[in-house]
Amino acid sequence: MDITNSAAAQAAAPLTLALVVASDRAGRFAPVIADWFRIRVAERPDFELTVLDLAETTLPTSLSYDPDPGVRAELARVTPVLEAADAYVVLTPEYNHSFPASLKNLIDRHYTEWRAKPVGFVSYGGISGGIRAVEQLRQIYAEMHAVTVRDGVVLPNAHGQFDEDGLLKDPTGPEAGAKLMLDQLAWWGHALKDAKAVRPYAA
């Protein structure tokens, strides 16, 4: 076996990137931002995007080690998306200085799926742009043995940043942030995937 060629082929293969849309609030603004971000990812050959929209899931907030058949069926739809991902981007609003309960519920129901994988953030909200929610999520993902990348996309007063067609009025800052974040996710995604191929992650 030619190890050099095998490693080169693996490095050239696109990473599976899961976009987790955290908001499930009625009338949410998340789909506008998600559509914008999907276009950014589509421009890059180093990622294949999957989307997990928590507004389209029916996971109850009560946790159980022995979930009923309905919960098992929903997990059978949701969990493989997280398991198959090499990297994640969490798109989250900020509610009362924190992130939505729907996202915490998703995280709490999964553990090994996040392990030794990178996570980036696209956040939005009022004047803070969701950064307080992201700072809390960094602590939680550290507990999940995930690696959060430094740069991301922050959209303060997000409603006012997009026009009626869902386009950013001034894309300069958000597009630069998205590029930096995706570059870092690609580096960490390949580095961690390669490392796990050599030896299992010790948790």
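1. Let's start where two helices touch. Leu 103, Lys 104 and Ile 107 in helix H4 meet Leu 137, Ile 140 and Tyr 141 in helix H5, where contact means heavy atoms within 4.5 Å. The residues of this contact divide into five nonpolar, no polar and one charged. Here Ala, Val, Leu, Ile, Met, Phe, Trp, Tyr, Cys and Pro count as nonpolar, Asp, Glu, Lys and Arg as charged, and the others, Gly among them, as polar.

2. A word on what you are looking at: this is a predicted model, in which local features need pLDDT of at least 70 and side-chain atom pairs count only at pLDDT 80 or more, while totals for chains, interfaces and linings use all residues. Residues are numbered from 1 along each chain as its sequence is written, and side-chain values use heavy atoms, with hydrogens and water left out. Helices (H or I, at least four residues) and strands (E, at least two) are DSSP runs, numbered from the N terminus.

3. Back to the helix pair. The axes of H4 (residues 101–108) and H5 (residues 131–143) come within 11 Å and cross at roughly 10 degrees. That makes H4 roughly parallel to H5, a label for angles under 35 degrees.

4. H4 has other neighbours too. Its buried residues are Ser 102, Leu 103, Asn 105, Leu 106 and Ile 107; buried means under 20% relative accessible area, exposed over 50%, partly exposed in between (1.4 Å probe, protein chains only). These buried residues pack against strand E1 (15–21), E2, H3, strand E3 (87–93) and H5.

5. Next, have a look at Ser 64, in the loop between strand E2 (47–53) and helix H3 (69–84). Ser 64 counts as partly exposed because its relative accessibility is 46%. Its side chain reaches the backbone nitrogen of Asp 66 at 2.9 Å. The C-alpha atoms of Ser 64 and Arg 109 are separated by 9.1 Å, with the two residues 45 apart along the chain.

6. Strand E6 (residues 153–156) shows two faces: Val 153 and Leu 155 on the covered one, Val 154 and Pro 156 on the uncovered one. E6 pairs with strand E4 (residues 118–125) in the parallel sense over four bridges; pairing takes at least two DSSP bridges. Ser 123 stands opposite Val 154 in E6.

7. Finally, two backbone angles deserve a glance. Most residues other than glycine have a negative phi. Ala 116, in the loop between H4 and E4, has a positive phi of about 55 degrees, and its 5% relative accessibility makes it buried. Asn 157, in the loop between E6 and helix H6 (158–161), has a positive phi of about 45 degrees and is partly exposed at 48%.

Methods. Axes fitted to C-alpha atoms, helices over the stretch in contact; angles between N-to-C directions. Parallel < 35°, antiparallel > 145°, perpendicular 65-115°, else oblique. Polar contact = N/O pair within 3.5 Å; in protein donor to acceptor, adjacent residues only side chain to side chain.
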